[in-house]
Amino acid sequence: MTGQHKKTTFGACIRNLRLSRGIGLRELARELGISAPYLSDLEKDKRGAPRVELVRTIAQILDADAKNIFDLAGKSRSTIASDIEELLIAKPEIVSL
């Protein structure tokens with residue numbers, strides 16, 4: 001991770017991506033199937049990152065680097081990145097490595 005990414009939060013990243021693509025808050029919330037106030041809270045880091053499916057959808061809609069988004073989401077929840085968690089659950093033999 002670069003120095004810039006270390007300082008960026010999940011919410012700030014989402015907001016910056018949304019704005020750079022010219023997508024309004026309400027428009028993105030509607031595409032995600034969530035409320036605009038909830039998305040606003042995510043962008044302001046008033047809430048931790050959402051469930052993995054929503055993080056994945058956000059990354060797809062915003063055409064974002066999924067690895068970075070998942071890393072920031074995990075950091076916001078003080079856990080491992082959810083894509084790594086999914087991998088460990090799907091392939092428990094990895095843990096022994």
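Author: Start with exposure: buried means under 20% relative accessible area, exposed over 50%, and partly exposed in between, with a 1.4 Å probe and protein chains only. This is a predicted model, in which local features need pLDDT of at least 70 and side-chain atom pairs count only at pLDDT 80 or more, while totals for chains, interfaces and linings use all residues. Residues are numbered from 1 along each chain as its sequence is written, and side-chain values use heavy atoms, with hydrogens and water left out.

Reader: Why is D45 called partly exposed?

Author: The relative accessible area of D45 is 36%. That value lies between the limits of 20% and 50%, so D45 is partly exposed. D45 sits in the loop between α4 and α5, where helices (H or I, at least four residues) are DSSP runs numbered from the N terminus. Its phi is positive, about 60 degrees, although D45 is not a glycine.

Reader: Is D63 buried or exposed, and how do you know?

Author: D63 has 62% relative accessibility, which is over 50%, so D63 counts as exposed. D63 lies in the loop between α5 and α6. D63 also has a positive phi, about 50 degrees, and is not a glycine.

Reader: What makes T8 count as buried?

Author: T8 has 14% relative accessibility, under the limit of 20%, and therefore counts as buried. T8 belongs to the loop between α1 (3–7) and α2. Leaving aside neighbours within four places in sequence, T8 is in contact (heavy atoms within 4.5 Å) with C13 and L72.

Reader: Why is α3 called roughly perpendicular to α4?

Author: The two helices pack at an angle of about 105 degrees, with their axes 8 Å apart. Angles of 65 to 115 degrees count as roughly perpendicular, so α3 is roughly perpendicular to α4. The contact is made by L25, R26, L28, A29 and L32 of α3 and A36, L39, S40 and E43 of α4.

Reader: What makes a group of residues a nonpolar core?

Author: Its members are buried Ala, Val, Leu, Ile, Met, Phe, Trp, Tyr and Cys residues joined through side-chain atoms within 4.5 Å. The largest such core here has 24 residues, and F10, I14 and L32 are among those with the most contacts inside it. Five of its residues, the largest share, come from α5. Apart from residues up to four places away in sequence, F10 touches several others, including D45, I58 and L72.

Key
Axes fitted to C-alpha atoms, helices over the stretch in contact; angles between N-to-C directions. Parallel < 35°, antiparallel > 145°, perpendicular 65-115°, else oblique.
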